[in-house]
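Welcome, and please open your viewer. This tour goes from stop to stop, saying what to select and what is there.

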Amino acid sequence: IETEQATLEVRRRRVQALVDQAKHDPARLDHALREAERLVPYTVGDRRENPEARGLLGRVLKQRYAAPSRAGTRDDEALRRAVRTYVDAYYEDEGRPVWHGINVVALLARAKRDRVPVAAPETHRQVAEALRRQVERRGAEMNAWDIATAPEAGVALDDGSGAARCAHRNAAHPGAGARR
């Protein structure tokens, strides 16, 4: 990375590592945020790495909000930025990446619960319903993200039995299970 020879994937994995290390060293979260903010512009035009980089930026911001400061306060602006990051990544991609969508759902629900005003084109319930329909249309074409997202969308819709049905159905899917 320091010699400017690193690929976008290497840069992305470095940011992921910084985020993971922030669990043990909160100062690394600030470093991860700076690196994620630098990474996103590098990936513009790369259909694989840009959604990943934007998701990482959203993840860092989400984690920044979820971890209260030493003073016990939350960073509401981090939550608003996380929502914007995931909303943009979700709606700007015509394929509507489910991993960005379910983060939109979770963050909008959290903002509502915490009474933090955020701007979004739809409510968390509308996005969750759209995600559930999107995943169900894929049927046998579901990937691992779809398998995990369908039950989460059901939970967001207060549909515990639907979430359980999705979880049981998805557990039998060939794409489910431990990765080697």
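In which loop is Asp-158 found? Select Asp-158 and you land in the loop between helix 7 and helix 8 (160–171). Helices here are DSSP runs (H or I, at least four residues), numbered from the N terminus.

Before going further, note that this is a predicted model, in which local features need pLDDT of at least 70 and side-chain atom pairs count only at pLDDT 80 or more, while totals for chains, interfaces and linings use all residues. Residues are numbered from 1 along each chain as its sequence is written, and side-chain values use heavy atoms, with hydrogens and water left out.

**Stop 1**

Most residues other than glycine have a negative phi. With a relative accessible area of 66%, Asp-158 is exposed; the classes are buried under 20%, exposed over 50% and partly exposed in between, using a 1.4 Å probe and protein chains only.

Now select Arg-115, in the loop between helix 5 and helix 6. Arg-115 also is a residue other than glycine with a positive phi, near 60°. Its relative accessibility is 75%, so Arg-115 counts as exposed.

**Stop 2: the largest nonpolar core**

Which residues touch the most other members of the largest nonpolar core? Select Val-60, Leu-79, Val-104, Val-105 and Leu-131, the answer among its 43 residues. Such a core is a set of buried Ala, Val, Leu, Ile, Met, Phe, Trp, Tyr and Cys residues joined through side-chain atoms within 4.5 Å. Colour helix 1 (8–21), helix 2 (27–43), helix 3 (49–66), helix 4 (76–92), helix 5 (98–114), helix 6 (124–138) and helix 7 (144–156): each supplies at least two residues of this core. In soluble globular proteins, nonpolar side chains tend to be buried together.

Zoom in on Leu-79. Leaving aside neighbours within four places in sequence, Leu-79 is in contact (heavy atoms within 4.5 Å) with Tyr-65, Leu-107, Ala-111 and Val-116.

**Stop 3: helix 4 against helix 5**

On the helix 4 side, select Leu-79, Ala-82, Val-83, Tyr-86, Val-87, Ala-89 and Tyr-90; on the helix 5 side, His-100, Gly-101, Asn-103, Val-104, Leu-107, Leu-108 and Ala-111. Coloured by class, this contact of helix 4 with helix 5 has 11 nonpolar, three polar and no charged residues. In this scheme Ala, Val, Leu, Ile, Met, Phe, Trp, Tyr, Cys and Pro count as nonpolar, Asp, Glu, Lys and Arg as charged, and the others, Gly among them, as polar.

**Stop 4: helix 3 against helix 4**

Residues making the contact include Gly-55, Gly-58 and Tyr-65 of helix 3 and Asp-76, Leu-79 and Glu-92 of helix 4. Sorted by class, the contact of helix 3 with helix 4 has eight nonpolar, three polar and eight charged residues.

**Stop 5: Arg-84**

While helix 4 is in view, pick Arg-84, which is found there. Arg-84 is partly exposed, with a relative accessible area of 41%. Draw a distance from its C-alpha to that of Gly-139: the atoms are separated by 30 Å, for residues 55 apart along the chain.

**Stop 6: Thr-149**

Is Thr-149 buried or exposed? Select it in helix 7: at 2% relative accessibility, Thr-149 counts as buried. Not counting residues up to four places away in sequence, Thr-149 touches Val-98, Ile-102 and Leu-131.
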